[in-house]
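Me: I have a structure open on my screen and would like to talk it through. Could you walk me around it, one question at a time?

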Amino acid sequence: MLKIVVCVSGGGTNLQAIIDRIADKTITNTEIAAVISNNQGAYALERAKNAGIPSYCISPKEYESRELFNKAFVEKMMALAPDLIVLAGFLVTIPPEMIQKFPFRIINIHPSLIPSFCGVGYYGLKVHEGALARGVKVTGATVHFVDEGTDTGPIILQKAVAVKEGDTPKTLQQRVMEEAEWVILPKAINLIANNRITVKDKAVHVTE
């Protein structure tokens, strides 16, 4: 059984997709051990409560320095001892120490086709604003392993989504979530839970 901890900063729609896909057995061999948010007001914490999942808020605002926050965050994660950490809209930089302690055991969902519209400064609506400003016809989402860089880890899955005439950042964000994020994040978790993902020389191999 794959024990996962989901980290989320906001509404938790990707968390809900994971909860729903475990419930309907699209994701097998997986349990959510806990949800962690850096935001006490995150609706994701309500979603966790409704699903009977333990949840914790660890906010940088509660610590005198980023170092102290990082220490508390890493200690909580080590205590939870997950097999996989899932970043589902988590707007906090993961401490290098955590990446070292969980090599190829942290995954992230990003709302673009990496390497487009990713890296420092590209998060939330800013990703979709960037895509529309560039005039791209196709965008999408990417699930990747987390390394020390920003959106630079090995890519697990990607799914393309069409950009439509008249799209706003909001409408594009919603379509990318519905057509890509909520599909490939559960799929990636299921692949990992069933030992169908291997990483060799920073390249991901999927066995069907």
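Me: Let's start with Ala 42: is it buried or exposed?
Reply: Keep in mind that we are looking at a predicted model. Ala 42 sits in the loop between strand S2 (30–37) and H2. Buried means under 20% relative accessible area. Ala 42 has 6% relative accessibility, so this residue counts as buried.

Me: Which residues is Ala 42 in contact with, leaving aside its neighbours within four places in sequence?
Reply: Contact here means heavy atoms within 4.5 Å. With the neighbours within four places in sequence set aside, the residues that touch Ala 42 are Ser 9, Gly 10 and Ser 37.

Me: How far apart in space are Ala 42 and Leu 185, C-alpha to C-alpha?
Reply: Along the chain, 143 residues separate Ala 42 from Leu 185. In space, C-alpha to C-alpha, the distance between Ala 42 and Leu 185 is 20 Å.

Me: Now the helices: how do H1 and H2 lie to each other, roughly parallel or roughly perpendicular?
Reply: The axes of H1 (residues 13–23) and H2 (residues 43–50) come within 9 Å, with a crossing angle of roughly 15°. Angles under 35 degrees count as roughly parallel. H1 and H2 are therefore roughly parallel.

Me: And how do the residues of the contact of H1 with H2 divide into nonpolar, polar and charged?
Reply: The crossing of H1 and H2 is right-handed. H1 brings Thr 13, Leu 15, Gln 16 and Ile 19 to the contact, and H2 brings Ala 44, Arg 47 and Ala 48. By class, these residues of H1 and H2 are four nonpolar, two polar and one charged.

Me: Which residues of H1 are buried?
Reply: Several elements cover the buried residues of H1, including strand S1 (2–7), S2, H2, strand S4 (84–87), strand S5 (106–110) and H6. Under that cover, the buried residues of H1 are Asn 14, Leu 15, Ala 17, Ile 18 and Ile 19.

Me: What follows H1, and is Lys 25 buried or exposed?
Reply: H1 is followed by Lys 25, in the loop between H1 and S2. Lys 25 is not a glycine, yet its phi is positive, about 70°. Exposed means over 50% relative accessible area. Lys 25 has a relative accessible area of 64%, so this residue is exposed.

Me: What is the relative accessible area of Lys 202?
Reply: Lys 202 lies in the loop between strand S8 (197–200) and strand S9 (203–206). Its phi is near 65°, a positive value in a residue other than glycine. Lys 202 is exposed, and its relative accessible area is 61%.

Me: Which residue does a cis peptide bond join to Ile 114?
Reply: The omega of this cis bond is about 20°.

Me: Last one: how does H5 lie to H6, roughly parallel or roughly perpendicular?
Reply: The axes of H5 (residues 125–134) and H6 come within 9 Å and cross at roughly 110°. Angles of 65 to 115 degrees count as roughly perpendicular. H5 is therefore, relative to H6, roughly perpendicular.

Conventions
Residues numbered from 1 in each chain as written. Predicted model: local features only at pLDDT ≥ 70, side-chain atom pairs only at ≥ 80, totals over all residues. Heavy atoms only, no water. Axes fitted to C-alpha atoms, helices over the stretch in contact; angles between N-to-C directions. Helix = DSSP H or I, 4+ residues; strand = E, 2+ residues; numbered from the N terminus. Parallel < 35°, antiparallel > 145°, perpendicular 65-115°, else oblique. Left-handed = near helix turned anticlockwise from the far one by under 90°. Nonpolar A, V, L, I, M, F, W, Y, C, P; charged D, E, K, R; others polar. Buried < 20%, exposed > 50% of the residue type's maximum accessible area, 1.4 Å probe, protein only.
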